Amino acid sequence: MPDYLPHTDEDITAMLEFLGLASLDELFAAVPAALRLTRDLALEAGLPEPDVLARARARGRANRAAELICFAGAGAYDHEVPPVVRQLASRSEFVTAYTPYQPEVAQGGLQAIFEFQTMVSRLFGLPIANASLYDGASALVEAVNLAVGATGRHRVLVSAGVHPNWRAVLATFAAGTGHQLVEVPLVEGRSDWSAAGPEEAGAVVVGYPNYLGCLEDLGAARAAADARGALLAVTADPVAAGILKSPGEWGADVAVGEGQPFGTPLGFGGPYLGLFACTSAHVRRLPGRLVGETVDADGKLAYVTTLRAREQDIRRERATSNVCTNQTLIALTAAIHLGWLGTAGLADVATRCARGAQHCRRGLLALDGVQPLTGTTPTVREFALGLPVPAAVVQARLADEGFLAGVALDQLVGEDGDGSVGAEEAPNALLVSVTERRNRTEIDRFVAAFDKALR
Amino acid sequence: MSAAGGRAASAPLVGRESEPTIFELSRPGRTSYQLPTSGLEEPGLDELVPPEHRRSEPVPLAEVSERDLVGHITRLSHRQYSVDLGAYPLGSCTMKYNPKVCDAVAALAGLSEVHPAAPAELAQGWLATLAELERALCELAGMAAATLQPAAGAAGELTGLLLMRAYDEARGERRRRVIIPDSAHGTNPASVTLGGYEVTTVKSDERGCVDVGALRQVLDDDVAGMMLTNPNTLGLFEEDIVEIADAVHEVGGLMYYDGANLNAILGVVRPGDMGVDIVHLNLHKTFATPHGGGGPGAGPVAVAEHLADFLPGPRALRLEPAGPDDPPRYGWATPARSIGRVHGWHGNALVLARALAYIEVHGRDGLLRVAERAVLNANWLRRRLAGTLAVPFDRPCMHEVVFSAAPVHKRTGASAHDVAKGLIDEGFHPPTVAFPLIVDDALMVEPTETESYETLVALAEAIERVVARAERHELADAPTTTPVRRVDEARAARTLIPTFDARR
């Protein structure tokens, strides 16, 4: 029977004897007999590893999407994961460690996270970045909690350009914290702050680019925040940030993002990486872990998790956040990936995405009945289209041609739409994304197949 | 006896030189990245991004060759203790061996290269994976339905509290308090606050279990529920669990089970059979998915039938096949009174796939053996070390045992913290220190089922040697064999340097 347990029969006999027990069952004497499971679990018997792998491969084959050329994005992107990043991030020293409670034997992971924090800080143009949160959505939840805590105001203006799933997560957790969420609609792909009302607020949240790919006017968002005494929280695409002005430069108090594009595969949505950066003013409200530099007993440079007084094991019900286990391995992966890309590489990837998206957008907009959904507002690496037929139909037809055509927006916002896509537009709306992995031939074939699928 | 393999004493933690940061290794003009051939025209940035949105300079990252990057990260990996290196008896964290087959499953292109918004018809293998895992976890927990979305244990806790809240509201109530024992994990009270509830702490009795009398005194119709870890953080099974659950249910409250310690009871007893309504499971602990240096984990939440309607959605469900000979089909469904999403997509999917592989390779028989061996190992250490360290609650434990170094501390001045640092020099990762809070100088040891008898002996002997060193007042300098010596944590907080740019 396959397993990973080292005990021989002799070991078990000797250990039980040492304990004065006659059987393994007696180890559980403290469990009331009436509660004990008296049958086998309704699970299969253990399978040998090759059988388990074969079964997983069969499930993989049932995922037709894995084989398709990917034009889907919406916060999850098909970027290159180079072999060197994959291999380094798979080192078992990192994979099989845990939270660095003992810094003397965790300097490797701690230093990698220190480097990660530095890279995120530079990327977002803000001086403080934490050691990661679960994903972009959870980073947004924590950003809003920070802003509400800092301002004492529970009203939160959330642009409809923030990813619909992230807004949904925000709404779920607002049931506990009591935040009052106000959706700010988009007009031609940009937030219309005048629709929000003049009342004071704790946070103004806006995407850059927003989930429809549009470049928001962050100056207007900053002004909307200032007029209401709110902090400005920006949900930023970290790849586009390679060529865009940083949230910090625009005056954001907090910037969050989804770090999946940095070395992590699509993986059906996880594990991903919540990026979180803020101004120095808010460091003591920072959620999650923070690595800092210090010295050891000999005065030698060392790293350690710091400002621990914020954390739950010390502050318990008064902690700034309940996040404990986060996404350290994915943060480390991102640090390796950003080290591999380097200064020139990040800008090159962002530029390549923008070039591919521009080429693809032009091609698709030339097709009969295809309209831009966001007017003339500039986009960078993805864009929303209104189609003459339901987006789900186009997706299904293009899958047969070998393409994942994009994300049907009614899948994200529902059939009734929301402040980003109206009920009339939603069923026919498609969000298309292009990464550096898509070459001209693929894009041109995609446009030709798309044309056929519309007929 | 043959030599023990569970120590890191022969690990390649060579020398005591610092490793420079990647920013110090950087030289302008050096690169390692490569992009695929594109064939696209190459318009400049001014044709792609309006000037008011363009950044003036590239983001300054590092500029290193691939060889230097590999050297840097590999050297960092040599400065990191891990399960694969040696025993890691970190109590409450279940640092067991992580079977490599699970990594192989997660690396399959058919799973890792699937977009999370792919239509269900194109992701049938993933929906099957999620539905299968949900079924297995519900069977193990004795529950009716589960959400796989929560990304970690604490996210599961908060999800569970929001379920409690939704259930409360659905019956037209607004209860304000949640009860937690004083031995609970710190995330419990933090989650309670974020769930919009107030914490009421109930103390443990002299046996280390919930004081049922004290519990009854704080129970009333303002109590939404109680969070309980069982076995608790002292490694003890709450023998009065039925009485506790009944008392909470009598005032209309729900029982929340923190599954951090589920490893001890797999196939032996199920939370659902203890009267529990809501459970979160830490897949990185019990199902070895692994820990990743502090995540990613996964914290699915399973519930009893009366709460299934409130679960986050969408959930992957097995649909009725069109005909008797047709293959199974899967689709998404959101429960009718769902509290909403708690994750941007479907949870930490590749972690979930690992957990399913772990369950499949162990099976019903193997999972029971896991619990038995984990409890056997912990009890052997408890008995073996009872003369060396104090055992505040000296009765049979489950998967972990909490020792106290308080007598050693009083006698020698060496605290649990010092003992932990001494153990590092012996080649072992230390136990959890100073937790649970209700034990002075706590050393919480969870050997897990994957450590051999020889490793347990080696660990026990190492702890005995460290205590002997304490008697000789030799621990103040420990550790001495690590890349850095004892780290000044106070200074890090006082003079905050959280980035290379803050270094002066």
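This is a predicted model: local features need pLDDT of at least 70, side-chain atom pairs count only at pLDDT 80 or more; totals for chains, interfaces and linings use all residues.
**Exercise 1.** Decide whether the radius of gyration of chain B agrees with that of a compact globule.

*Solution.* Start with the length: chain B has 504 residues. For that length, a compact globule would have a radius of gyration near 23 Å. The value for chain B is 25 Å, so the two agree. As a further description, a box of roughly 75 × 65 × 50 Å along the principal axes holds the C-alpha atoms of chain B. Of the 504 residues, 62% are buried.

**Exercise 2.** Is T193(B) buried or exposed?

*Solution.* First locate the residue: T193(B) belongs to helix α7 of chain B, residues 187-194. Next take the count, which is 21 other C-beta atoms within 10 Å. A residue is buried when this count is 20 or more. T193(B) is therefore buried. Finally, list its contacts: leaving out residues up to four places away in sequence, T193(B) touches E317(A) and V199(B).

**Exercise 3.** Describe the side of chain A that touches chain B by its residue numbers, its main helix and its residue classes.

*Solution.* Begin with the totals: 173 residues of chain A are in contact with 174 residues of chain B. Then find the element with the largest share on the chain A side: helix α10 (residues 328-365) of chain A, with 24 residues. Last, sort that side by class: 91 residues are nonpolar, 49 polar and 33 charged.

How values were computed. Residues are numbered from 1 along each chain as its sequence is written. Chains are lettered from A and ligands numbered from 1 in the order in which they are written. The radius of gyration is taken over C-alpha atoms; the globule rule is 2.2 Å times the number of residues to the power 0.38. A residue is buried if 20 or more other C-beta atoms lie within 10 Å of its own, exposed if 12 or fewer, and partly exposed in between; C-beta atoms are placed from the backbone. Two residues are in contact if their C-beta atoms, placed from the backbone, lie within 7 Å. Helices (H or I, at least four residues) and strands (E, at least two) are DSSP runs, numbered from the N terminus. Ala, Val, Leu, Ile, Met, Phe, Trp, Tyr, Cys and Pro count as nonpolar, Asp, Glu, Lys and Arg as charged, and the others, Gly among them, as polar.
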